[in-house]
Amino acid sequence: MTTMMDRTTTVPPRTNGSLPRVDGALKVSGTAIYTSDHVFPGMLYAVPVCATIASGTVTLIDTSRAEAMPGVKAVYHRANIGKIYRTAPASGFSGIVDERRPPFEDDTVRYYGQYVAAVVALTFEQAVAAANAVKVTYKADKHNVSDHLESDEKSKVDSQRGDPDAAFKTAAVTVDETYGTPTETHNPIELHASVAIWDGQSFTLYETSQAVVNHREVMAQMLGVPTENVRVISRFLGSGFGGKLWPWTHCAIAACAARDLKRPVKLVVTRDMMFQSVGHRPRTQQRVRLGAGADGKLVAVMHDSLNHTSILDDYEEGCSEATAYSYSTPNLRATSGLVRRNVGTPTSMRGPGAVPGLFALESAMDELAVKLKIDPVKLRLVNEPAIDEGLKLPFSSRHFVECLNTGAEKFGWAKRTPEVGSMKRDGLTLGWGVAGCSWIAERMEAEVAVELRGDGTARVSSATQDIGTGTYTVMSQIVSEKTGIPHDRIEVVLGDTALPPGPISGGSWASASLVPAVSQAIEKAHQTVIMAATKSKDTPFVDQKPEALAVTNGRVHLKEKAPETGMAFEEILTRNNIRAVSGQGKSEGTFGEANRKLSKHSFGAQFAEVTWQPEIARLRVSRVVTVIDAGRILNPKPARNQIEGAVVMGVGMAIFEKTKYDSRYGAPINNNLADYMVTTNADSPEIDVTFLDYPDKVINEMGARGVGEIGLAGIAAAITSAVYHATGVRVRDLPVKLEDLMGAPQHLVS
Ligand code: MOS
């Protein structure tokens, strides 16, 4: 591990550390065009008809009344949608889709809200009216949307070492509890949408996609056309949280309708449909067993998790993601299993696996600390591993201990008194809790093109997209750092499969993946500028060897002389009548590396304060201190914004969010932003974010890992531990509800 010393010596100087978002003005002025903003001449509107049972068969679809209604152009269903293919199993990051069944493939209904038909009309209102007039008859079967999960399929072992059962039996102190996290719906403010255009040969699909390249591959397969006949565009996204990573069934409906009717078709998934047919974080149920010696050292860790999935698809949440490497213990086993429910197919939601998994593991650590009467920060310090004991590999860079110590200091942890309800401020009972967090740090393959132009501007492009996290900004920043070109002269073009294939906006790895490719592309463009300089009589470098020249801050110069003695690249291009030079960069991915030599993860510590008013049973999260070790932070502004947003979302996870299925109909019943509670401004705590900023050069030359997801990990466990500290009530099934706290000892004695 690195020390304070090498931290100060290895951080590279920053030229424009805190650049505000380059797309900010477009967004706040309403100029940024989102998917559903697109309008084309002759465009039609599609509105799906959703199943009103959760399990059974469609016996009859009567479209006669709908078809006769004003403006209706077509009503599609199984008999007339035409051929839609299933995708072949995905290879790597290509061809991924979570719900593999194409729309209308059979007459079986497997979840409430499954699309059974779709109306296309001249206006949205006409389509809505006609969709309501489609009469669907069902034969309903018994459905199961129960929150209580019992495995009907055999669990698989995700990680194992030593003999955890034996060690647990003989451990001095043990914890054996089951934790639950509810179904959560991503609820980005921008609704999912598809605007499909067919020109007789090719599709242009405007999509709300966090992964345009994969989206193109999936749609080409489903629609049965060559990949090059599909272009997917997603310029701006109003977030996604993972819900827009892979295509959903509405995309194929819009594209098929556009091809059939030979007119552009827009389909916007409404908020209530968002709860049904575009994924969710699945319900998880996790039994955690910890055994420790009286000194707090873990002798056994067992983490057995289940998550619900849909009837047809195997979505694995991956709750044991961080279990094997978080703490040192000779004996460990992590298993996971699936339980089928009549729900739409789940999908990745911000920090899939690690976020629910660390809620369970870190909650159990807090319970163990209480039993051992050891401070929960100290318990974690005592169990700090020297290496990743799951993979038996060193960490590329792990500063978890410093996260805990820095966080404890900033939070004022030393003043904590451990007894339940023992801390007061302004008449309120305080609860203080802590949890660790972690997230994978990887890269995926990325290609980038850079153009340096004779007018002194640059263009950088890649078929990746910005889901709102700051990809436009970071791309601009890297180009500016490497070329000396100011931001207002750099054009960043993303979100279009016509560009060189870029990474998905997921896994917090877009920035880390793009960094090496941008550098390489610039390097190549610089080499071409040097060639131009040496071949031109009109520059001071004619007949120089290219090896003797360098480009620094946009100026070509002799390596042995200062950049100021050279000539600006645009001058060289202009004198040669060259409009622009370009360079392409390509970086390899790190997934599934043969001979993996290091374990690569980000780490962090979350400290939470709650205030509790037992007299009126009022709970509030008042303060969060979070310390994140995510490598070098490329731009602290959007990075801080990511962590703050994740903490706000973590408050929601801890005390508000839960998608409720109505047992009678199997429908998500709180399917709107009034009934599905998320954290609002008034619920948001004071948030203090610290980045340790140790570059992880194993990831890329800039040492940047990524910050999109890690801030949500651990936060719910820190909050429920604080709730326990304030109230004496341990809530193990999220979210914390007022009724959980009504019987709190503090409520009775105060
Ligand atoms: Mo994130 S759940 O990988 O969009």
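**Note on a predicted model**

1. In strand S22, valine 556 is the bridge partner of valine 551. S22 (residues 555–558) and S21 pair in the antiparallel sense over 4 bridges, where two strands count as paired if DSSP finds at least two bridges between them. Helices (H or I, at least four residues) and strands (E, at least two) are DSSP runs, numbered from the N terminus.

2. Helix H14 (residues 510–534) packs on the sheet and touches S21 and S22, contact meaning heavy atoms within 4.5 Å.

3. The model is predicted, with local features needing pLDDT of at least 70 and side-chain atom pairs counting only at pLDDT 80 or more, while totals for chains, interfaces and linings use all residues. Residues are numbered from 1 along each chain as its sequence is written, and side-chain values use heavy atoms, with hydrogens and water left out.

4. The pLDDT, which is the predictor's confidence in each residue from 0 to 100, averages 95 over the chain, and 97% of the residues score at least 70. Over residues 1–16, however, pLDDT stays under 50.

5. In helix H4 (residues 124–133), the residues Ala127, Ala130, Ala131 and Ala133 are buried, buried being under 20% relative accessible area, exposed over 50% and partly exposed in between (1.4 Å probe, protein chains only). Seen down the axis of H4, these buried residues fall within an arc of 155 degrees, so they line one face of the helix; the arc is that of the directions from the helix axis to the C-beta atoms. The face turned away from the buried side of H4 carries the exposed residues Glu125 and Asn132.

Methods
Axes fitted to C-alpha atoms, helices over the stretch in contact; angles between N-to-C directions.
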